[in-house]
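Trainee: I would like to go through the terms used for this model and see what each one rests on.

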Amino acid sequence: MSGVAAGFWIIGALAGLGFLLAHLGVLDASAQRVLSCLAFFVASPALLVDVLSRTPFAQVVGHNLLVSASSVVITVAVYLAVVVPRWHPDLGEAVIGSLAAAYVNAGNLGIPIAAYVLGDVALMAPTLLLQLVCLTPLAMALMDVDALGRRPRPLETLLAVGRNPMTVCALAGVVMSLVGWRPPDLVMRPVEIVGGMAVPAMLLAFGVSLRLGPRPGASGSTGQIVTIVVCKLGVQPLAALALASALGLTGVHRLAAVVTAALPCAQNVFTHAVRYDRSVLLARDAVLVTTLVSLPVIAVVAVLAH
């Protein structure tokens, strides 16, 4: 389980650094927003182009992708079925909550786990592809619609999608992968360097929020947090296990599908919440609690999947 430990150490160290810098007064509340905006508008789009353009498209389209997509749909459906009748969230709040319940930390936790536990980083590619190409653009389009405050006309929706850097860069990366072409290294090397800022910027902003924002649980959304944790670490991995069994997945492919579904909520959700000023504390607490609780869950589902 060294990959799991390495992934958790990275998260804890960088978030802890953000907490410390905020405590010492090096970073203030405005720095949290600057870091989140840098990650959203610059670093994450660069990371999307870099990762997706290097991922062979045909390699990730298969049963594992189907399991990942289906488990997300089931988890979001369960979350909304519980949350909507009880808390009546608006569109933006529902999107952030749904992401918190089903968007896994496939980057700085999933990749180390794939490398050191599963033995092949490519096993994380189906989930990365699903999240970066489908879930992120869809969620950002819905958040842009929510920001308008009314039902948009079709042209407005298309323009909103086209203005979102995450969506544009995800699609650009997929096109490069499909046609088998990448710009020369002279162009892509700066893109890779900028993309490398994405995860550190997200985690530093997260740490600043923990120090300067209200204490965890102060948002009054304990019920929704519990629902998110149950969906993220209970419904999603169990759905993935059932689907993988139904499709006849065995060995490392079955293990990868189930362990990936048991990963905690990704820091990207907190970044999106800050960007659109929707359910920021809910997203922050969801990332924190699911990360703390996920380690024993990952160990249990790994045993079940063997």
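This is a predicted model: local features need pLDDT of at least 70, side-chain atom pairs count only at pLDDT 80 or more; totals for chains, interfaces and linings use all residues.

Trainee: What makes Cys37 count as partly exposed?

Mentor: Its relative accessibility is 23%. Buried means under 20% and exposed means over 50%, so Cys37, at 23%, counts as partly exposed.

Trainee: Why is Cys231 called buried?

Mentor: Cys231 has a relative accessible area of 2%. That is under 20%, so Cys231 is buried.

Trainee: What about aromatic rings?

Mentor: The structure holds one aromatic pair. Its members are Phe206 and Phe270.

Trainee: Why is the pair of Phe206 and Phe270 called edge-to-face?

Mentor: Two values decide that. The ring centres are 5.7 Å apart, and the cut-off for a pair is 6.5 Å, so the two rings pair. The planes stand at 85°; over 60 degrees counts as edge-to-face, so that is the name used here.

Trainee: Which parts does the pair tie together?

Mentor: Phe206 lies in helix 11 (residues 198-212) and Phe270 in helix 14 (residues 267-276). The pair therefore ties together parts that are 64 residues apart in sequence.

Trainee: Are Phe206 and Phe270 buried or exposed?

Mentor: Phe206 has a relative accessible area of 5% and Phe270 has 0% relative accessibility. Both values are under 20%, so both residues count as buried.

Trainee: Which residues is Ser36 in contact with?

Mentor: Neighbours within four places in sequence aside, Ser36 is in contact with Ala205, Phe270, Thr271 and Val274. Ser36 itself is found in helix 2 (residues 29-53), and at 2% relative accessibility it counts as buried.

Trainee: Why is Ser98 called buried?

Mentor: Ser98 has a relative accessible area of 11%, which is under 20%, so the word applies. Ser98 has its place in helix 5 (residues 91-102). Apart from neighbours within four places in sequence, Ser98 is in contact with Val76, Tyr79 and Leu80.

Trainee: How do you know that helix 13 is mostly covered?

Mentor: Eight of the eleven residues of helix 13 (residues 251-261) are buried. Among them are Arg254, Leu255 and Ala261.

Trainee: What lies over the face of Tyr276?

Mentor: Arg275 does, at 4.7 Å from the ring centre. The distance cut-off is 6 Å, so 4.7 Å meets that part of the rule.

Conventions:
Residues are numbered from 1 along each chain as its sequence is written. Side-chain values use heavy atoms; hydrogens and water are left out. Rings of Phe, Tyr and Trp (its six-membered ring) pair if their centres lie within 6.5 Å; planes under 30 degrees apart count as stacked, over 60 as edge-to-face and the rest as tilted. Helices (H or I, at least four residues) and strands (E, at least two) are DSSP runs, numbered from the N terminus. Buried means under 20% relative accessible area, exposed over 50%, partly exposed in between (1.4 Å probe, protein chains only). A charge sits over a ring if NZ of Lys or CZ of Arg is within 6 Å of the ring centre and within 35 degrees of the ring normal. Contact means heavy atoms within 4.5 Å.
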